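This report is meant for someone meeting this structure for the first time. It begins with the chain as a whole and then turns to its strands and its aromatic rings.

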Amino acid sequence: MAQKSESPTNDDDFLLTSGDTASLDLPRLKGTIGPDVIDIRRLYSDLGCFTYDPGFVATASCSSELTYIDGEEGVLLHRGYPIQQLAENSTFTEVAFLLLNGELPNATELSDFESDLKHHSMIHDQLIRLFSGFRRDAHPMAIMVGVVGALSAFYHDSLDINDPQHRMVASYRLIAKMPTIAAMAYKYSIGQPFMYPRNALTYPENFLHMMFSVPTEDYHVSPILAKAIDRIFILHADHEQNASTSTVRLAGSSGANPFACVAAGIACLWGPAHGGANEAVLEMLDEIGSVEKIPEFIDRAKDRDDPFRLMGFGHRVYKNYDPRAAVLRESAYAVLGELGVRNEPLLELAIELERIALEDKYFVERKLFPNVDFYSGIIFRAMGIPVSMFTVLFALARTVGWIAQWQEMIEDPDQRIGRPRQLYTGPTERDYVPPDQRS
Ligand code: SDX
């Protein structure tokens with residue numbers, strides 16, 4: 001693991017006044033790039049008040065060396081490397097090593113890392129029985145939450161979060177087993193036998209093998225699909241302190257084991273406002289159905305009284321084009337072309353929907369652009385992956401980020417159990433009223 005650099009540097013203080021009675025000098029801390037932060041840890045003890053920031057729009061929960069996002073410029077760096085360069089030149093396992101260790105691996109380091117992952121890719125045979133407890137039509141994300149959480153019932157030799165060796169083994173197990181569990185969730189849903197991982201295959205090849213091969217015949221993994229799925233995994237690996245990563249960090253701050261923390265992250269990612277959006281985008285495009293109906297849905301997205309939102313559009317941080325969406329938009333054309341899918345109507349519909357939305361004042365004023373979920377589903381579907389598995393693939397890839405962030409939190413001397421406060425707006429103290437005296 002990269003050694004954490006010195007705590008964020010201190011610069012000029014920030015003077016906060018509370019009404020005309022008290023004021024407080026608060027340290028202003030600088031990172032390497034990006035906005036400064038105001039260290040408010042003394043605020044309550046010195047001024048007797050809290051900050052108020054529902055949804056944490058302007059709150060830094062931690063310092064981190066993993067991922068930097070500039071939402072205005074549409075910049076995404078992993079340990080300093082631009083996402084576009086990693087998507088073009090790297091592999092998912094190499095990006096995983098980078099996020100976990102801070103530097104790109106040399107050939108031996110990468111080979112050893114990939115070998116370790118391969119030798120952790122099977123799951124305990126008794127875990128297989130857990131699947132039979134689910135209905136066949138269970139959403140695969142429900143299965144992922146259950147089975148990943150259950151890993152802590154099997155791997156007792158990697159639960160001590162204070163032991164670096166335990167943390168490393170648990171991290172490798174989670175990264176290695178997510179493709180196996182994800183593919184099993186798919187196979188279970190279609191009533192086909194589970195396929196075991198094969199150590200001769202690469203990480204993306206193995207996933208496709210476990211998803212689509214059957215015992216009765218040889219399966220040739222398409223290099224086009226393997227490259228496409230590997231690139232999509234890279235684009236979903238980590239993304240600063242998003243909702244599911246914050247969930248993993250908060251769960252981990254109580255000392256919960258990493259398997260339970262990642263299960264919590266999967267549960268949070270499932271929401272349609274977060275990772276569940278890739279599934280919702282396909283459902284939305286299917287509902288729109290034709291270019292002629294786009295204006296009707298754009299109007300609904302702008303109507304405050306209509307809960308409908310343009311799925312795959314908007315982002316808490318990006319107020320510019322999500323750089324991952326830009327890569328996926330280009331990949332969509334390439335992958336569909338390589339797969340011989342000409343004029344995919346959904347891609348044409350998505351391109352036209354994006355064009356119309358980006359010319360509309362409502363979206364322009366609110367800086368709503370396509371995000372990572374807008375194009376990923378179109379590629380997944382062209383690859384034969386069912387819509388219900390889209391968020392599972394997001395969770396598979398994001399496990400690398402969740403685990404790297406969890407490791408960083410455990411090793412951060414500033415970190416303690418997460419316990420936000422509140423602005424109380426309920427009743428003041430009052431006495432109990434016996435039932436016979438109530439109106
Ligand atoms: C991911 O945080 C991350 O990094 C997440 C992620 C990652 O890699 O981990 O990038 C992955 O979750 C991407 C986002 C996927 N979700 C969607 O595509 C769902 C649709 N998008 C929205 O629900 C919304 O844009 C959010 C949830 C993504 C962001 O919500 P915010 O930051 O709370 O923004 P907001 O709801 O306050 O919106 C600001 C305004 C509002 O209008 P007004 O009240 O100002 O009139 O923009 C409007 C919103 O109504 N708006 C939309 C919209 N998104 C925001 N209006 C129509 N369609 C949309 N998609």
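For a chain of 439 residues, a compact globule would have a radius of gyration near 22 Å, and the protein chain, with 24 Å, agrees with that expectation. The coordinates come from a predicted model, and everything described below should be read with that in mind. Taken along the principal axes, the C-alpha atoms fill a box of roughly 80 × 60 × 60 Å.

Of the 439 residues, 46% count as buried, while the accessible surface of the chain comes to about 21700 Å², with 52% of that area belonging to carbon and sulfur atoms. When contacts between residues at least 6 apart in sequence are considered, 69% of them join residues that are at least 24 apart.

The secondary structure of the protein chain comes to 18 helices and eight strands. Three of the strands form an open sheet in the order β6-β7-β8, with antiparallel pairing. Because β6 (67-70) and β8 (81-82) each have a single partner strand and stand at the edges, one side of each is left without a neighbour in the sheet. Between β6 and β7 (residues 75-78), which run antiparallel, there are four bridges, and Y68 stands opposite L77 in β7.

Since Y155 lies in the loop between α6 (140-150) and α7 (164-190), whereas F259 belongs to helix α11 (residues 258-269), the pair ties together parts that are 104 residues apart in sequence. Both partners fall under the 20% limit below which a residue counts as buried: the relative accessible area is 9% for Y155 and 0% for F259.

Elsewhere, ring pairs link F313, Y362, F363, F374 and Y375 into a cluster.

Which residues lie over the faces of Y188 and Y44? The table gives each arginine with its ring and the distance from the ring centre.

| Residue over the ring | Ring | Distance from the ring centre |
|---|---|---|
| R136 | Y188 | 4.1 Å |
| R421 | Y44 | 5.9 Å |

Technical notes. Residues are numbered from 1 along each chain as its sequence is written. This is a predicted model: local features need pLDDT of at least 70, side-chain atom pairs count only at pLDDT 80 or more; totals for chains, interfaces and linings use all residues. Side-chain values use heavy atoms; hydrogens and water are left out. Helices (H or I, at least four residues) and strands (E, at least two) are DSSP runs, numbered from the N terminus. Buried means under 20% relative accessible area, exposed over 50%, partly exposed in between (1.4 Å probe, protein chains only). Rings of Phe, Tyr and Trp (its six-membered ring) pair if their centres lie within 6.5 Å; planes under 30 degrees apart count as stacked, over 60 as edge-to-face and the rest as tilted. A charge sits over a ring if NZ of Lys or CZ of Arg is within 6 Å of the ring centre and within 35 degrees of the ring normal. The radius of gyration is taken over C-alpha atoms; the globule rule is 2.2 Å times the number of residues to the power 0.38. Contact means heavy atoms within 4.5 Å. Accessible areas come from the Shrake-Rupley method with a 1.4 Å probe; for residues, only the protein chains shown count as cover. Two strands pair if DSSP finds at least two bridges between them.
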